[in-house]
Amino acid sequence: MKTVELAFEELGNSDDCHLIILHGFFASSRNWRQVAEKLSAKFHVYMPDMRNHGSSPHDPLMDYPSMVADLKLFIDRLGLKKVNLLGHSMGGKVAMWFALNYPEHVDKLIVVDIAPVSYKHSFDHLIQALKSLPLNEISNRKQAEAMLAADIPELSYRQFLLQNLVLNHGEYRWRIDLDVFYRMAPNIIAFPDAGQLPPFAGNTLFIAGADSDYVQPDDIAELFPEATLSIIANAGHWLHVQQPEIFIEWVKNFLLN
């Protein structure tokens, strides 16, 4: 399996314990910068861009084994022996699959609004909407936002997705490869078969939004028997954006106690 060297940002004091934050599908390290800045007062925070996201290299393969191989290379390259992992959505699945395969490298695990299961939803409609955007007709991001409104009604989600639209030599282009995303999306909603892998016995915290239905208690216990599930009220899938103070407090309490 071909690995890629992940681009990353780093915050905090290198003498503090290491925390790696793993973003979700269509996101990048920049989406976690505000949270990371607050956590960097207590932790040495790394925010890698996963393959095909942000500033990291593109590759035609994108699944959890390949992303975990990238993360293992990243940890080895930095000479880190044991880390705390925090992953949201797709990043949470990367964190879980890494912990199941390399438990010796994981101190504590935090999984944000995702479970170790295969979901039924599809990204096809969303990706087709992005692909149909006439980039040569767009002169500003606001135009792109308006053009996507019918297919993607939620403004905040449109704005999030359009962070992947970049201006290059006066022309807009996608920073991500939408064809790869379209082909690989079924791998992202899935979760690999844990087969004969033993459960992860380390300290694990699942944090879910009360308005989200991604995490069911029954989906956690088999692979993560030591896990605690905490629910943040008045928050959905983007709970770290909707309730950042509560989220940061819970993360700090879990990692420091």
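A salt bridge here is a side-chain nitrogen of Lys or Arg within 4 Å of a carboxyl oxygen of Asp or Glu. What we have is a predicted model, where local features need pLDDT of at least 70 and side-chain atom pairs count only at pLDDT 80 or more, while totals for chains, interfaces and linings use all residues. Residues are numbered from 1 along each chain as its sequence is written, and side-chain values use heavy atoms, with hydrogens and water left out.

Salt bridges to begin with. Side chains of opposite charge can pair when their charged atoms come close. By the rule I gave, the count is 8 salt bridges.

Take lysine 142 and glutamate 145, whose side chains meet in a salt bridge at 3.7 Å, N to O. Both sit in helix H5, residues 141-148, and being 3 residues apart they are separated by about one helical turn. By helices I mean DSSP runs of H or I with at least four residues, and by strands runs of E with at least two, numbered from the N terminus. On accessibility, buried means under 20% relative accessible area, exposed over 50%, and partly exposed in between, with a 1.4 Å probe and protein chains only. Lysine 142, at 59%, is exposed, whereas glutamate 145, at 12%, is buried.

Next, glutamate 9 and arginine 33. Their closest N and O atoms are 2.6 Å apart, which makes a salt bridge. Glutamate 9 is in strand S1 (residues 8-11) and arginine 33 in helix H1 (residues 33-39), so this pair ties together parts that are 24 residues apart in sequence. Glutamate 9 is partly exposed at 24%, and arginine 33 is partly exposed at 35%.

Then arginine 51 and aspartate 70, a salt bridge with its closest N and O atoms 2.6 Å apart. Arginine 51 lies in the loop between strand S3 (44-48) and helix H2 (64-77), and aspartate 70 lies in H2, so parts 19 residues apart in sequence are tied together. Are these two residues buried or exposed? Arginine 51 is buried, at 0% relative accessibility, and aspartate 70 is buried at 0% too. The pair belongs to a network of salt bridges that links Lys2, Arg51, Asp59 and Asp70.

That brings us to H2 itself. Of its 14 residues, 10 are buried, so the helix is mostly covered, given that buried means under 20%. Among them are Tyr64, Met67, Leu71, Phe74 and Ile75. They pack against S1, strand S2 (18-22), S3, strand S4 (83-88), helix H3 and helix H7, where contact means heavy atoms within 4.5 Å. Just after H2, glycine 79 takes a positive phi of about 70°.

Last, H7, residues 178-189. The expected span of a helix is 1.5 Å times one less than its number of residues. For the 12 residues of H7 that gives 16 Å, and the end C-alpha atoms are 16 Å apart, which agrees. Its buried residues are Leu178, Val180, Phe181, Met184, Ala185, Ile188 and Ile189. At the start of H7, a side-chain oxygen of aspartate 177 reaches to within 3.0 Å of the backbone nitrogen of aspartate 179.

How values were computed:
A polar contact is a pair of N or O atoms within 3.5 Å; within protein, one must be able to donate a hydrogen and the other to accept it, and residues adjacent in sequence count only if both atoms are side-chain atoms.
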